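Colleague: I'd like to learn how to read a model like this one. Could you walk me through it?

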Amino acid sequence: MSNKLPKLYSKADLARRWGVSRQVVKNWELRHDNFPKPVMWVHDNSLPLYIEKDIIKYEELRSLEKPPQK
């Protein structure tokens, strides 16, 4: 049985992906109306998670550097 779940990112994951600090990610979240909305909260509702397709769309809109292909 193979259930394909979408890839999820925390703010720390996004910071590594974009090569910035977690504070920069938080600032972008506060300043940009088009920053992706969390799709899930974990760790007693203290850790937001973001779905990959929304992250890719945000990267395209903001012309952010995309990670190298694996």
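Colleague: In which order do the elements of the protein run from the N terminus on?

Modeller: Good place to start, and keep in mind that this is a predicted model. Trace the chain from the N terminus and the order is β-α-α-β-β-α. That gives three helices and three strands in the protein.

Colleague: What does the C-alpha trace span along its principal axes?

Modeller: The trace covers about 40 × 35 × 20 Å.

Colleague: And how many of the residues count as buried?

Modeller: Burial here is a cut-off: a residue counts as buried under 20% relative accessible area. By that test, 29% of the 70 residues are buried. As for the surface, the protein exposes about 5500 Å², with carbon and sulfur atoms supplying 51% of it.

Colleague: What share of the contacts with a separation of 6 or more comes from residues 24 or more positions apart?

Modeller: Such pairs account for 46% of those contacts.

Colleague: How far apart are the mean positions of the positive and negative charges?

Modeller: They lie 1 Å apart, for 14 positive and 9 negative charges.

Colleague: Which side chain does the side chain of E59 make a polar contact with?

Modeller: Look for W18: the two side chains make a polar contact at 2.7 Å.

Definitions and conventions
Residues are numbered from 1 along each chain as its sequence is written. This is a predicted model: local features need pLDDT of at least 70, side-chain atom pairs count only at pLDDT 80 or more; totals for chains, interfaces and linings use all residues. Side-chain values use heavy atoms; hydrogens and water are left out. Helices (H or I, at least four residues) and strands (E, at least two) are DSSP runs, numbered from the N terminus. Buried means under 20% relative accessible area, exposed over 50%, partly exposed in between (1.4 Å probe, protein chains only). Contact means heavy atoms within 4.5 Å. Accessible areas come from the Shrake-Rupley method with a 1.4 Å probe; for residues, only the protein chains shown count as cover. Lys and Arg count as positive and Asp and Glu as negative; His and the chain ends are not counted. The place of a charge is taken as NZ of Lys, CZ of Arg, CG of Asp or CD of Glu. A polar contact is a pair of N or O atoms within 3.5 Å; within protein, one must be able to donate a hydrogen and the other to accept it, and residues adjacent in sequence count only if both atoms are side-chain atoms.
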